[in-house]
Amino acid sequence: MKINSQLTGLFLTSLAIGTNAFTSIAPKTGSSFVLKASERQDPGPPPLGTQMPMADQPAPPGPAGPLSKPPNMVDDLDSSELVAMDMFPIYPSLETIQGGGTVRTYKMPLWADKCQMLFTTDGRPMKAEANLWLGPIRVVHTIKIDMEDGARTPYQSTITFKKFGQVLKVSTSDSLEFPVLAGVYVPNPERAKDLHKNTIEVFDNATPQEKKRIQGGSTLGGGGAVRYWTVPPNVQSVQVIGWSKDVGKKSFKLKVEVLQGPNNIKQGFFLQCGGSTQPYHGVLQTPGPGSIIRITNQKFLEDGLIQIAIVPYEVTGEVPVDIPSVEDLGSKFPTSRINSWWDNK
């Protein structure tokens, strides 16, 4: 009864002074509260040639070095006329990521929509994985690398993503004997536009022998179509562009292998990418004669159609005249799997 009398008294008091006795005081109109991770403001895009630092370490002193000018670029030449753009920066130093499952993360700036990566070793085999995370559970890009000699065949690529401040995670294999040397670079908006324009030009100007469609496999995944590209001996590296903007605008999962000899896999990659508005553009090293690139589609049949363009990047010397033609290899290999792009050059 004592408690009820107290509540009755409070109720009568509220009627006397108004309803504000039981309501919280709201902020004035026009006020706002913003949650910030830190008090530092985003400095904006870095100048051209500046390397993006690690998220958990301070920025290195000085710029990352100037971007080397493409050898076929002159001052009065429009960028649309470039044959092979020098896409990657010069890294002043590379970070050593030890083996044994070591993880490094790189926070993308909010304004960034492209990231360039370089992975190599001191001559040992290279086993590494790079994932681009959007939030805590969604991975929008995955690149798995497995090759015999990371110094002879370093890996470089450019990935495109949406401007949401995503995080790049780089990890090594469980073996302690296989450290990786890594470099991560975020181009400024002007450079990013040039890179995207170059990707469009290379992809759209690829010949039918260089650009092929690869269909997905069964509804359970895997078992998709396989395509082959032969690489001339004078081509030291090739550009690989995966894009589905003209064939359904779906994401893709691919197994990419660089062969030398009968089913002798020198380099192996697994690529998972958005595909439509987020194309993949990488460079694979193909030193020495006899290189063949084999790509297998590992996505579903319903939405796994993808176009892959493979064109030369670094070319030295002339094509030897004693290279066997497709007809000469017809007795050993199906002609649909051997493509001699230099015949039309």
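Y155 touches M117, L118, F119, M126, I143, I145, M147, F269, L271, Y280 and L284, leaving aside residues up to four places away in sequence; contact means heavy atoms within 4.5 Å. The model is predicted, so local features need pLDDT of at least 70 and side-chain atom pairs count only at pLDDT 80 or more, while totals for chains, interfaces and linings use all residues. Residues are numbered from 1 along each chain as its sequence is written, and side-chain values use heavy atoms, with hydrogens and water left out.

**Nonpolar cores**

- Y155, F119 and L168 have the most contacts inside the largest nonpolar core, which has 46 residues.
- Apart from this core lies another, of 7 residues, including V202, F203, I241 and W243.
- A nonpolar core is a set of buried Ala, Val, Leu, Ile, Met, Phe, Trp, Tyr and Cys residues joined through side-chain atoms within 4.5 Å; buried means under 20% relative accessible area, exposed over 50%, and partly exposed in between (1.4 Å probe, protein chains only).

**Chain as a whole**

- The protein chain comes to 2 helices and 16 strands, taken as DSSP runs numbered from the N terminus (helices H or I, at least four residues; strands E, at least two).
- Of the 345 residues in the protein chain, 43% are buried.
- Contacts between residues at least 6 apart in sequence join residues at least 24 apart in 80% of cases.
- The chain exposes about 18800 Å², of which carbon and sulfur atoms supply 56%; accessible areas come from the Shrake-Rupley method with a 1.4 Å probe, and for residues only the protein chains shown count as cover.

**Cavity**

- The structure holds 1 cavity of 30 Å³ or more; a cavity is a set of points, on a 1 Å grid over the protein atoms alone, where a 1.4 Å probe fits but cannot get out, and lining residues have an atom within 4 Å of a point.
- The largest cavity has a volume of about 40 Å³, a volume being the space filled by probe spheres set on the points, with grid points joined across faces, edges and corners.
- Its lining consists of K114, T158, T160, L195, T199, P279 and H281, with at least two residues supplied by each of strand 6 (155-160) and helix 2 (189-204).

**K253**

- K253 lies in strand 12 (residues 252-260) and counts as partly exposed because its relative accessibility is 31%.
- K253 and Q272 are 19 residues apart in sequence, yet 4.5 Å apart in space, C-alpha to C-alpha.
- Not counting residues up to four places away in sequence, K253 touches F270, L271, Q272, T296, N297, Q298 and K299.

Terms used. 1 Å grid on protein atoms, 1.4 Å probe; cavity = no way out; pocket = protein on both sides within 12 Å on 5 of 7 lines; lining within 4 Å.
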